[in-house]
Amino acid sequence: TITEKDIETIKMALNDSISDINTELKEERAEKKRVALLDFKNKYSKVYGKLRQNPSIYSLSEAELDITAGGLNDAIQLIEENLTDDLTYQEKEEILDYKNACDNLVELLAG
C-alpha cells in the first residue's frame, strides 16, 4: 500500500529529478541529448502535476507508474552521487532515509 507519505516522497523525487535535468540543460549538450532530457522533464513534470492535483497512486496510468519509477531511480542515483563525507551524521541519516524510501517505492512499483 502506498501511503500519503510515500506520495510526498515520490513528488520530492520527481522534483529532484526535474531540478537535475534543468541543471543538465544549462550545460552544452548534443541536440539529441537535449531532446531526450526535455522529454524526461516533460514526463516527470506531468506526473508531478497530476500527483499534486490528486495525491493518489491510483490517479496514475500504467505508463505514468513506469515514469514514476524512472524518476525515483534518477533521484536514487542523484543521492548516491551527492552523498559526501562533509555531511553531518544527521544529514546523512536523513538522506539515507529518503534513499531507502525511494528504493522501497521502486520495488513496490516493480512488483
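A: Start with aromatic rings. Rings of Phe, Tyr and Trp pair if their centres lie within 6.5 Å. Planes under 30 degrees apart count as stacked, over 60 as edge-to-face and the rest as tilted. This is a predicted model.

Q: How many aromatic pairs does the structure hold?

A: One. Phe40 and Tyr44 form the pair, with 5.9 Å centre to centre. The planes are 45° apart, so the pair counts as tilted.

Q: Where do Phe40 and Tyr44 lie?

A: Both lie in helix H2, residues 31–53. They are four residues apart, about one turn of the helix.

Q: Is Tyr44 buried or exposed?

A: Buried means under 20% relative accessible area, exposed over 50%, and partly exposed in between. Tyr44 has a relative accessible area of 2%, so Tyr44 is buried. Phe40 has 42%, so Phe40 is partly exposed.

Q: Which residues form the negative surface patch?

A: Asp and Glu count as negative. Here Asp86, Glu91, Glu93, Glu94 and Asp97 form the patch. Asp86 lies in the loop between helix H3 (62–82) and helix H4 (89–110). Asp86 counts as exposed because its relative accessibility is 64%.

Q: Where does Ile57 lie, in terms of H2 and H3?

A: Ile57 lies in the loop between H2 and H3. Its relative accessibility is 12%, so Ile57 counts as buried.

Q: How far apart are Ile57 and Asp6, in sequence and in space?

A: They are 51 residues apart in sequence. In space, Ile57 and Asp6 are 9.4 Å apart, C-alpha to C-alpha.

Key:
Residues are numbered from 1 along each chain as its sequence is written. This is a predicted model: local features need pLDDT of at least 70, side-chain atom pairs count only at pLDDT 80 or more; totals for chains, interfaces and linings use all residues. Side-chain values use heavy atoms; hydrogens and water are left out. Rings of Phe, Tyr and Trp (its six-membered ring) pair if their centres lie within 6.5 Å; planes under 30 degrees apart count as stacked, over 60 as edge-to-face and the rest as tilted. Helices (H or I, at least four residues) and strands (E, at least two) are DSSP runs, numbered from the N terminus. Buried means under 20% relative accessible area, exposed over 50%, partly exposed in between (1.4 Å probe, protein chains only). Patches are made of residues with over 30% relative accessible area and no salt bridge: like charges are joined within 9 Å, nonpolar side chains (Val, Leu, Ile, Met, Phe, Trp, Tyr) within 5 Å. Accessible areas come from the Shrake-Rupley method with a 1.4 Å probe; for residues, only the protein chains shown count as cover. A salt bridge is a side-chain nitrogen of Lys or Arg within 4 Å of a carboxyl oxygen of Asp or Glu. The place of a charge is taken as NZ of Lys, CZ of Arg, CG of Asp or CD of Glu.
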